[in-house]
Amino acid sequence: MSSVLFFLAAIGVISGAVGVVVLRNPFFSVLALVAHLVSLAVLFLLLRAEFVAAVQVVVYAGAVMVLYVFVVAYVGGESDSIGERLRSYNGSAGGSGSVGSALRLGGAILGGALLVELLIALLGTGLEATSGYGAGYVPGPKTYGTPAYIGNLLLTRFLLVFELASFLLLIAAVGGVVLARRRGGIGEADEHETFVPLDALRPRGTGTTAEGVGARRQPS
Amino acid sequence: MATTYGWLVLAFPLLGTLVTAFGFRHLPGRSAGWIGTGAIFLAFLAALGALISLQGHAPEHRQLVSSLWSYASTAGIDAQMSILVDPLSVFMILVVSGVSTLIHLYSISYMEKDRGFVRYFSYLNFFVFSMLLLVLAGNFLLLIVGWAFVGAASYLLISFWYRRTTATKAGIKAFVINVVGDAGLVLGTYFIFKHTGTLDLLKSFHAVESPAHPAFGHGTNNGDLVAGCVLLLVGAFAKSAQIPLHTWLPDAMEGPTPVSSLIHAATMVTAGVYLIARMHPLFERAPAAQDVGAVIGAATLLIAGTIGLAQTDIKRVIAYSTMSQIGYMIMGVSVGAYAAGLFHLMTHAFFKALLFMAAGSLIGAMGGEQSLERMGGFRKALPFTYVCFIIGGLALSGIPPFSGFFSKDEILLVTGERGGWHWILYVAGYVGALLTAIYTFRMIFRAFHGEPVAEARELEGGHLHHAEVPRNPATGEAEDTDVGFPGPVHAIAERALPMRIAMGLLALGAVGAGLIQIPKVDFVIDDFLRPSFATASGYEPHTKTGLLVIGLTLGTLIGLAGIALAYRIWVTRPGMSEAIRLRTRPLYELFVNKWYFDELTDLLVVRPAAAAGAFARDTFERVFVDDTLIGGTTGIVRAGSAAVRAAQSGFVRYYAALLVLGVTGVGFYFLLQA
Amino acid sequence: MSIAWYLAVSAIVFSLGALGVMTRRNPLVVLLCLELMLNGGNLALIAFSRMWGNGDGQILAIVVMTVAACEVCIGLGMIVAIYRRQLPIDVDELRELQG
């Protein structure tokens, strides 16, 4: 039974991954990734990592992917497919020309090489343990894989990691806000940027080029 | 004790240099001049102390060596920082520091309005330090160091007015020729070191003179020794401006007059004489080298005398006179007349420095003009200067009882005594004396007798002449009076007390110094210097009385004849010099063009060197150095960096690919390992 | 299924992600492929954790997810900023940092 479930989930995972890489429209890629993530959660369950599976669905598929959906909806981006680029394409849009095409071909080759190597490494080296099934199922409140078990670990052995991870989240949040905030462009005035109380006393347009040129009295 | 004084003699001028050099901005007014003078005066006092304490030793023990530290003792070379205090070096430091003190005093007034006042005294103190180092050196290495420093100081002082192109060129010329001499000195040292195995002077001499195992064998004229001595002579000739390395001395007159007085009359140019006297044990065993020295000395004596007849720049006349007199000294020490040669060195220092100082005063009265053709009739306007000129001139011409008479004639006496072919030198010496008298008094009569020129009349009226536009005396081009050029105000002796004091003291020396070495009467110099020349053959004077009388009277008569001739040509018969010039046209051309030595040097040395340099530049330098070495290296670096730069393409995906490639590679490596 | 199967799946997912990163031009998709790689790694971690029987791998997987979330946040923020400046959304075009 578990083998069947394994194969189903594995097919889901791999096809989701293929979909992400191959699909033209970025939106479809996002959807493929969501599917991939859910299938991966099933695999996690099969491996007795209940909590991680739950976290995967809730956080990853639930929050991160939603964020992606928002951004893809906002930005969009051009759709290009991998197949188009693998063939030599002179004068392709984007000006990367032969460099880009060569890169894509090279990338494909490298990816393949990496896969082969990893497979050899993981499977062909004779790790006996990998041919085993791992820990058996022991039901209980704090046994392997349960939230209590994870929580215990997080707050005892991995406390520092836990704290650092939360710190990292904070930094990332601040960074995200800073990166994506709306800044003044060429046409917008700088007056909102820094407000020194003295500015209220100075005439409007102090320090601008307009003042220097002599056209001080100008409508905002 | 004597050696402590020796170190003090070196320390004071060095201290003076450092204080004036580093306190450049902080020294008020003209105090730098007094500091400099004071430093040299203290050195003079220390030299006196050395003299007194040296005489306190027994004559055999009057050669004292003192070493501060040894800075290299490797590979058989014993390089010590040691000085040798013996009668010869004490004699030299007395002369050098004494005359230098007076010249410093003179300079305080002479350079008063010059913007480079402090720099001048710093350089001058440095020069005196170097010269004292040279004469006090106890080993070859320190001697070479002092020699080189003196050359450097000479360069600094000749091109003191550095914005004058003529001055800088002259400085370079002097330096280059001096370097040739330095090379000779170093190579000569090598030849001597090869056999004696030591750089220390006294030890070297002992090795050469040792009766059991003399370093150069028992005979004379050992090949290496002659080579070494001739190379030392090359050094001596370059420093003392003997033919053929003399061309720098007349050009060195571009420096301020006190510099000419100190360096190119009294001290630096006598370094060659000192060298030969110091190295006498070596020269005595290489008579071939001695003969070379004597012949060159005599040749210079005559040639310089003839050139002096035709020169119009007053300082150059005195310069050639110096060259000629040094020829006497070189000749003297080369034939073994050490005491006589050194005595002449002393008296020459007095009267030549005096002549230069007086010439400085005269040039000041002329507002910077140096040409004899424009001078005349200053007798009433510059009485003190005139008297100094007369005293100096009489001493130079060898008229008794002035000092020059005793010293010069003594050299000639010893030369005559040597016999053999030295009679030629004897005759040459007297011919030279005649020429000396003629050109000296030509200079004096032209400048001071006859109709007073405009500047003289101005001065008689009480007003010192100033040129409206300061000019370079040699080329006549206009200049200004800012730093790098002479100052706006020129000084004359009649109005500046320090100048008068200095000149007065020198005049006393010029007059009275002869009294200490009157032949057959007193032998102060002889006795004093004897311990230094204990091993010299022929040191004791054994002049036959007949030759002595002939020599003395001949010398006097020739001197007087020269003066009389000069008087006739330039005072009583004004047109006569023109007439003579026209009649002896080719000879005159030869003399005025300085026997074409400059042109000869240019042809034989400068042009081939320039051609070789151009050739090297065009072929070797261009192909090998520029293209291969430099071009190759930069090309490789450039290509390498271009290759590396290609990796920074800016493509993110390219970087990602590299990452994956790297991971794959590492994994592959580990796979292979397992 | 033995652990080896899970590892095989993990390897496939990882290489697919690497391929995508190297090949796609839309930065959004590149980031997605990056997520793929991270997930592949996560799977391997969980598999090994099961093999050893302790929870270290799972903790690390959670931390990796956290990091992935942060990185997505920043990456998407950058893409939004680029979009706001009317620059092309194409990794091949964005190469000013070249040497």
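1. Of the 220 residues in chain A, 25% are buried, where buried stands for 20 or more other C-beta atoms within 10 Å of a residue's own, exposed for 12 or fewer, and partly exposed for the range in between, with the C-beta atoms placed from the backbone. The structure is a predicted model, in which local features need pLDDT of at least 70 and side-chain atom pairs count only at pLDDT 80 or more, while totals for chains, interfaces and linings use all residues. Residues are numbered from 1 along each chain as its sequence is written, and chains are lettered from A, with ligands numbered from 1, in the order in which they are written.

2. Chain A has eight helices and zero strands, and its pattern along the sequence reads α-α-α-α-α-α-α-α; helices here are DSSP runs of H or I with at least four residues, strands are runs of E with at least two, and both are numbered from the N terminus. Among the contacts in chain A with a separation of 6 or more, 43% are between residues 24 or more positions apart, a contact being a pair of residues whose C-beta atoms, placed from the backbone, lie within 7 Å.

3. Chain B has 26 helices and two strands, and 52% of its 674 residues count as buried. When contacts between residues at least 6 apart in the sequence of chain B are considered, 80% of them join residues at least 24 apart.

4. On confidence, the model scores ipTM 0.91 and pTM 0.68.

5. The interface between chains A and C brings 74 residues of chain A into contact with 64 residues of chain C. On the side of chain A, the elements that give two or more residues are α1 (2–22), α2 (26–46), α3 (50–75), α4 (82–86), α5 (97–123), α6 (147–155) and α7 (159–180), and α5(A) gives the most, with twelve residues. By class, this side of chain A has 53 nonpolar, 16 polar and five charged residues, with Ala, Val, Leu, Ile, Met, Phe, Trp, Tyr, Cys and Pro counted as nonpolar, Asp, Glu, Lys and Arg as charged, and the others, Gly among them, as polar.

6. The contact between chains B and A takes twelve residues from chain B and ten residues from chain A. The side of chain B that touches chain A divides into nine nonpolar residues, two polar and one charged.

7. The largest nonpolar core has 209 residues, of which B:V9, B:L132, B:A353 and B:L354 touch the most other members; such a core is a set of buried Ala, Val, Leu, Ile, Met, Phe, Trp, Tyr and Cys residues joined through C-beta atoms within 7 Å. Helix α15 (residues 338–365) of chain B supplies the largest share of this core, 20 residues. If its neighbours within four places in sequence are left aside, B:L354 is in contact with B:C388, B:I391, B:G392, B:M503, B:L506, B:A507 and B:A510. Another core, of 79 residues, lies apart from it and includes A:F44, A:A53, A:I150 and C:V21.

8. The buried residues of α26(B) are B:R653, B:Y654, B:A656, B:A657, B:V660 and B:T664. Seen down the axis, these fall within an arc of 155°, so they line one face of the helix, the arc being that of the directions from the helix axis to the C-beta atoms. B:G662, B:G665, B:V666, B:Y669, B:F670 and B:Q673 are exposed on the other side of α26(B).

9. Several backbone details deserve a look. The peptide bond from B:I243 to B:P244 is cis, with omega near 0°, and B:P244 sits in the loop between α8 (223–240) and α9 (248–251) of chain B. That loop between α8 and α9 also holds B:A241, a residue other than glycine whose phi is positive, near 55°, and which is buried, with 29 other C-beta atoms within 10 Å. A cis peptide bond, with omega about 0°, also joins B:P400 and B:P401.

10. In chain C, phi of C:Q86 is near 60°, again a positive value in a residue other than glycine. C:Q86 is found in the segment after α3 (56–84) of chain C and is exposed, with 7 other C-beta atoms within 10 Å.

Technical notes. Contact = placed C-beta atoms within 7 Å.
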